[in-house]
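Here is a short note to read beside the model. Take the points in order and find each element as you go.

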Amino acid sequence: MIPAPPAIDIRQLRVDYGNFIAVDDLTLAVPQGEVFGLVGPNGAGKTSTFRVLATLQTPTYGSVRLAGIDIFEAPEEARRILGYMPDLAPVPSDMKVWEFLDLSCESFLGGNASERRARWQECLEQVQLADRGHAMCRSLSRGQTQRLVLARTLLHRPKVMVLDEPASGMDPLSRRNLRLTLRHLAAAGSTIIISSHILSELAELCTSLCVMNRGRLLSSGTADEVRHALDRKERGLTISVLANPDDAAAWLRSQPDTADVSLHDGRISLSFSGTPDAQANLLEGLFTNGFRLTACEERKSSFEDLLISVAEQNS
Amino acid sequence: MSAPSFPGPAPAWQLWRNPILRRYLRTRLRPRALGASLIILILLAGFIFTLSRTIGMSQLSYHNDLAARMIAAGKPVPPGLTLDLASVERICLLPLLALQGFILFVVGTAQVAGGMTSEAEEGTMDYLRLSPMTPLAKVLGYLLGLPIREWLLFAVTLPFTAWGLWHGKVPVSNWFPVYAVVLSAALLYHITGLTAGTVLRNRRWTFLVSVGGIFILYTLIPQLANLGLVYFEYLTIMPVVMENLPGFLPLTAGAAMQTVQQLQPDVRFFGLGFPEAVFTIFSQLVLCLTFAVMLWRRWRRSESHLLGKPWASGLAVWIQIVLLGCSLPLVSPGLLFISRRISMRFGRVFSGNSNPELPEAAAMIAVFGTVTLLAILILAICISPSRESQQTGLRRATKANRRIPFFSDEASALPFTVVMALAGAAGWTIFAQKLVGSHWFPGQSLPASTPLIFAAVLLSTSLCSVLLYELRGAKGLFLAGIFAGIVPLLAGTILIAANRDLSASAVWVTALSPLSTPTNAVATLLPDATFRHTGVQLAAPRAFLFWQALLILATLWLWSKHRTESKARRSTTTNPTS
């Protein structure tokens, strides 16, 4: 049996704006049914990648296939299976909610009025906006607008969904509902690529992630794999000693692989980049030098910390 | 997940199922917003209609009383005094046509341009860009949908017009061509607004550019018809309105006008003859098609040039063909010369001698050259790639191990500029030779070097502009245009205004501007026909030749710089796979 092609297959994608390289030879394959997160600081190339995927931008070069369809050779065909939700998704101010959805339904699906009505009502229910069908789009809150645009994205049952910051402006309940909706869609066979700055949520929601910086792919895989790949081996140690913490801090400063040693309320904080063996030797050294340990706590970098450090590299 | 069972978006020709058109039918025809417009319009149209009829009726009654008194007194009634009911009913037609024109041409176009920019500003245009509708369906949806309220308002005024046409006994052969051309002109104006709205991103600028552009394209440029470029007249509704005006006027005034019009020619295109309405609609449709191509390209790829290279080159050739086709048949009867037209229409009261003179022909040749040059400049810049675009194209080509495709947006526009300039020079030469060699100017002829001089003028200016754009971008070209193109013309004008003795110096200053080169080329070729001042007669050819030589040198220098930069860029853009 021939294996199904990846739902999203990006090869050597490059996007330039003059001399600025927004996306630099990005190669990525997302299997069908995945919820894939694209993470990175501002200017990492996420939105450019998304706009290329959405057929809104022509890259400098590279190939992109959605469910086997070359989006540059057959953009109309690709658009039939693609759902795109832009960042800060806008809605037309002069339309009612149902009119906006009906317009989208008609321009994607055609069909008669009753068929279209049934479809957009289903989508409004899916995003918990069924009671706002006759409201003007401009009267919706930011979160409701996001949900409306998500409903619009779902209308034609896209096989591939490209969602740029879909949860921005949503309250916690809406976010939870979004999470459930996306999981349900993925379970039904849709492939979702999503970007967000709420990284902990993204880690929770996505089956796999990739981290981009300066247009390049730094790492991809499950949340844990990405964390390990990006981890710079530094961890924070907090040590308490029974007596003479000043001397203990001075001794620690003189040891290899230690940095940022500071003393607060009798507790010594430092960052340590040695191997686990070296860490054991360090603690043993404290003991042999007459400092009696009362507590030692190790703090690994969180996902946010890792991305902040990536962002700092970017700036 | 179940597969969608929907049939897909409707094809472009099924306009009634066009989603964009239906969107505007809903939003722009909401009763609350429409109500106020309808009330105002019905009041205005009703006022025009009633006022026209009231004035007409009182005149009718006065004329009839006067005629009755003259008959009773046994005096003959002069023909101009009689006024019948049909004439009265016709009085409202022209004011209503003006109102309809304002609604469709001004308000409708502004709505189209503003609506399009608003879609782009809000970001909602991307949703429709992503839909699988064809670009043609999208263009048609916006073109007919955005001004839908103005079409409805236009329709509301039609019953008043229908009353006037019916009771005024205006023949169908009079009103049908006028309204057919009004509709085609409305489409042309709206598609102009749509193009402006698609290209520009700022709502205020869009309004100014679309209304200003329409004023220039369809009001100012058609005035060039008086200077030999007859074709431009057919971009407006005026020829058709003027031809059919007698039918819209009260019977006596209409008859008088018809007598004057016997002298007006039908449209003659080389050896062919066309009705005015047919030729006008055809001319407007060609322009509509060009705008539609621009929109189609932008909908297909938002970063595309407005025109492709072959289309722009073809359009430049087409402009020459239609300009010559409309002008040349009028040379022999003398109808191309405004002086002769005036003298034929009004006798010799205003113009004195009815034969055209050589200075008029020289001015017409200069105008032809200037218009040709400006058209080539606009088209050439439309198809020229920016530095960034060239760089992107080169990277793309290097990646694929090939050269930049010759017709792609990223390829240099220089070869196509050469084609356009040569076509322009050929057209300009033919026009000049037919005019000067006509029976109106016996013994006059142009030198054999004319085609070379005209080609040098068009090639040097257009190539220099394209090279500047490709090397230094829009900003570089803009600054050069201001300081080398406009400032010398202004400075020369001030010099002439300050002191007539400085005329020769003024000619040297203005000749610096490439925009003055067509005029100076004609002054060089026909020195006796242009300037009467001896100092100017001597200065014009010298200034022209001096600055033209410098312009050619500058163009060659820019060309070599362009080649060097292109080579350098190619060598720095390595193949990413290697």
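**Notes on a predicted two-chain model**

1. In chain B, the centres of domain 1 and domain 2, taken over C-alpha atoms, are separated by 34 Å. Domain 1 of chain B is written in two pieces, 11-263 and 272-304. Domain 2 of chain B covers 311-571.

2. Next, look at where these two domains meet. Domain 1 of chain B gives twelve residues to the contact, and domain 2 of chain B gives 17. What classes of residue does domain 1 of chain B bring to the side that touches domain 2 of chain B? Eight are nonpolar and four are polar. No charged residues are found on that side.

3. Now take chain B as a whole. Chain B has 22 helices and two strands. The C-alpha trace of chain B spans about 100 × 85 × 45 Å along its principal axes. Chain B has 578 residues, and 42% of them count as buried. Consider its contacts with a separation of 6 or more: 77% of them join residues 24 or more positions apart.

4. Turn to the contact between the chains. Chain A contributes 35 residues and chain B contributes 32. Which of them gives the largest share? Helix α16(B) does, with six residues. By class, this side of chain B holds 13 nonpolar, seven polar and twelve charged residues.

5. Chain A also has two domains. Domain 1 of chain A runs over 8-230, and domain 2 of chain A over 235-299. Their centres, taken over C-alpha atoms, are 47 Å apart.

6. Find the sheet with the order β12-β13-β11-β14 in chain A. This sheet is open, has four strands and pairs antiparallel. Its edge strands are β12 (258-264) and β14 (293-299) of chain A, and each pairs on one side only. On average, neighbouring strands are turned by 20° against each other, direction ignored.

7. Stay with that sheet and look at one pair. Strands β11 (residues 235-241) and β13 (residues 267-272) of chain A run antiparallel and are joined by six bridges. A:Ser240 stands opposite A:Arg267 of β13(A). Helix α9 (residues 245-253) of chain A packs on the sheet. This helix touches β11, β12 and β13 of chain A. The direction of α9 makes about 170° with that of β12(A).

8. Another open sheet of chain A has the order β2-β1-β4-β5. Its four strands pair antiparallel. Here the edge strands are β2 (20-30) and β5 of chain A, with pairing on one side only for each. Strand β1 (residues 8-17) of chain A pairs with β4(A) over five bridges, in the antiparallel sense. A:Arg11 has A:Ser63 in β4(A) as its bridge partner.

9. Check two backbone angles. Most residues other than glycine have a negative phi. A:Ala67 is not a glycine, yet its phi is positive, about 50°. A:Ala67 sits in the loop between β4 (61-66) and β5 (69-70) of chain A. A:Arg214 also has a positive phi of about 50° and is not a glycine. The loop that holds A:Arg214 lies between β9 (208-213) and β10 (216-221) of chain A.

10. Are these two residues buried, exposed or partly exposed? A:Ala67 has 19 other C-beta atoms within 10 Å, so it is partly exposed, because buried needs 20 or more. A:Arg214 has 17 such atoms within 10 Å, so A:Arg214 is partly exposed too.

11. Finish with the nonpolar cores. The largest has 212 residues. Those with the most contacts inside it include A:Leu66, A:Val162, B:Leu229 and B:Ile365. Helix α18 (residues 450-498) of chain B supplies the largest share of this core, 14 residues. Leaving out residues up to four places away in sequence, A:Val162 touches several residues, among them A:Phe50, A:Leu53, A:Tyr84 and A:Ile193. Another core lies apart from the largest one and has twelve residues. A:Ala248, A:Trp251, A:Val261 and A:Leu270 are among them.

Terms used: Residues numbered from 1 in each chain as written. Chains lettered and ligands numbered in written order. Predicted model: local features only at pLDDT ≥ 70, side-chain atom pairs only at ≥ 80, totals over all residues. Contact = placed C-beta atoms within 7 Å. Nonpolar A, V, L, I, M, F, W, Y, C, P; charged D, E, K, R; others polar. Domains from an automatic or database assignment. Pairing = 2+ DSSP bridges. Axes fitted to C-alpha atoms, helices over the stretch in contact; angles between N-to-C directions. Core = buried A, V, L, I, M, F, W, Y, C linked by C-beta atoms within 7 Å.
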